[in-house]
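Thanks, everyone. Please have a look at the model on the screen, and then I'll walk you through some of its packing.

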Amino acid sequence: MTPRLRLVLGLLLAATVVGFLVNLTLGSVAIPLREVVRIVLHHESEQTAWLFIVEKIRIPKACTAVLVGWGLSVSGLQMQTLFRNPLAGPSELGITAGAGLGVAAVMLGSGSVTSLYAIRQLGLSGSWLIVGMASLGSALVLGLVLLIAGRLRDHVVLLLVGVMVGTITFSVISIWQYFSQPEQIQEYLLWTFGSLGGVLGTHLYVLAGVVMLGLVLAFASSKALNALLLGEAYARSMGLTVRRARTLIIASTSLLTGSITAFCGPIGFIGIAVPHLTRSLLGTSNHRILIPANGLIGSLLMLLCDSIAQLPGTQSILPINVVTSLLGAPVVIWMIVSRHKSVFV
């Protein structure tokens, strides 16, 4: 690693730490940065209310933003490299749609407003029922994709199959919505907006564990990703078992995307936009460098999006999916318009 790349990674790490602390100061209750640092380092504050807000609400939400940023950005990087498609994202294999199908089975398939009340009492974003069904839906789609992947050699065909599986899943959800009551549809739409504030306590530990496992698999596949950049024929000539590497990459992406969608809802554009920002900033295609840099930029961007969503000084909080789309879509447009050749050159 060159001194320049070390400097860039160091600056990104420092910026992420600063962004994390600044994020803790924002919200309906303004807390000075000095007090936030004091709470984080010493677990004490002049005001008990500030201590409770930071430790019980804002720190878990900021940690969730970091995990989501790492997971989605690394997932997008893997998908873009595997399919050699600059517009590929974490949702291309239908994993996000599968999670949505699991949630729809609870919220739309129950047919009872009473059941919705019970879910609401458990907490929409934090309910183990919602998380469990979303995870089950993701796992079913993953199983189907892996079954198909074992019979296909062409990555492009696998990508098309994943898109079609996602389309079928969304069609089933749309049929459920058509026959559902307005209250049920409203609850499901709220879930699709995404939220970072519902991952507390045990949920945060579970999410962190699954994301860390997915990131370990991603780091383990970095050599395979570097080889796949030059094509499958070259990868095979280097002794890489392409089918096994593809399964490892898909498993990593599925763990990251499925767990994040289950706990936080679908969050768009981070997985598509961040890999392009990382390549442009670092000027390298080495995934041993891209993966950590990608994670840091993704975390920083998610913290920024969450800070914008807070609408400081008000009681309102924008849906996180809205903010990520507003920031991520221009990056994708810029990539399409400004580049006339492959981003993998």
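Start with helix 3 and helix 13, residues 270-282. Their axes come within 7 Å and cross at roughly 75°. That makes helix 3 roughly perpendicular to helix 13, because angles of 65 to 115 degrees count as roughly perpendicular. Bear in mind that this is a predicted model.

Who makes the contact? From helix 3, we have Gly69, Leu72, Ser73, Gly76, Leu77, Gln80 and Thr81. From helix 13, we have Ile270, Gly271, Ile272, Val274, Pro275, His276 and Arg279. By class, the contact of helix 3 with helix 13 has six nonpolar residues, seven polar and one charged.

Now zoom in on Pro275, which sits in helix 13. Is Pro275 buried or exposed? Its relative accessibility is 0%, so Pro275 counts as buried. Set aside its neighbours within four places in sequence, and Pro275 is in contact with Ser73, Gly76, Leu77, Gln80, Ile270 and Asn294. One more pairing: Pro275 and Gly89 are 186 residues apart along the chain, and their C-alpha atoms are separated by 9.7 Å.

Next, helix 9, residues 202-220, and helix 12, residues 242-264. These two pack at an angle of about 160°, with axes 8 Å apart. That makes helix 9 roughly antiparallel to helix 12, because angles over 145 degrees count that way. Helix 9 passes helix 12 in a left-handed crossing. By class, this contact has 15 nonpolar residues, four polar and no charged ones. On the helix 9 side, the residues include Val206, Leu207, Val210 and Leu217. On the helix 12 side, they include Leu248, Leu255, Phe263 and Cys264.

On to the core. How many residues does the largest nonpolar core have? It has 81. Those with the most contacts inside it are Val68, Tyr188, Leu196, Leu207, Cys264, Ile267 and Met302. Helix 3, residues 48-83, supplies the largest share of this core, 14 residues. As background, nonpolar side chains tend to be buried together in soluble globular proteins.

Take Ile267. Not counting residues up to four places away in sequence, Ile267 touches Val68, Leu72, Leu196, Met302, Ile320, Asn321 and Thr324.

Last, the whole chain. There are 15 helices and zero strands. Of the 345 residues, 49% are buried. Among contacts with a separation of 6 or more, 78% link residues 24 or more positions apart.

Definitions and conventions:
Residues numbered from 1 in each chain as written. Predicted model: local features only at pLDDT ≥ 70, side-chain atom pairs only at ≥ 80, totals over all residues. Heavy atoms only, no water. Axes fitted to C-alpha atoms, helices over the stretch in contact; angles between N-to-C directions. Helix = DSSP H or I, 4+ residues; strand = E, 2+ residues; numbered from the N terminus. Parallel < 35°, antiparallel > 145°, perpendicular 65-115°, else oblique. Left-handed = near helix turned anticlockwise from the far one by under 90°. Contact = heavy atoms within 4.5 Å. Nonpolar A, V, L, I, M, F, W, Y, C, P; charged D, E, K, R; others polar. Core = buried A, V, L, I, M, F, W, Y, C linked by side-chain atoms within 4.5 Å. Buried < 20%, exposed > 50% of the residue type's maximum accessible area, 1.4 Å probe, protein only.
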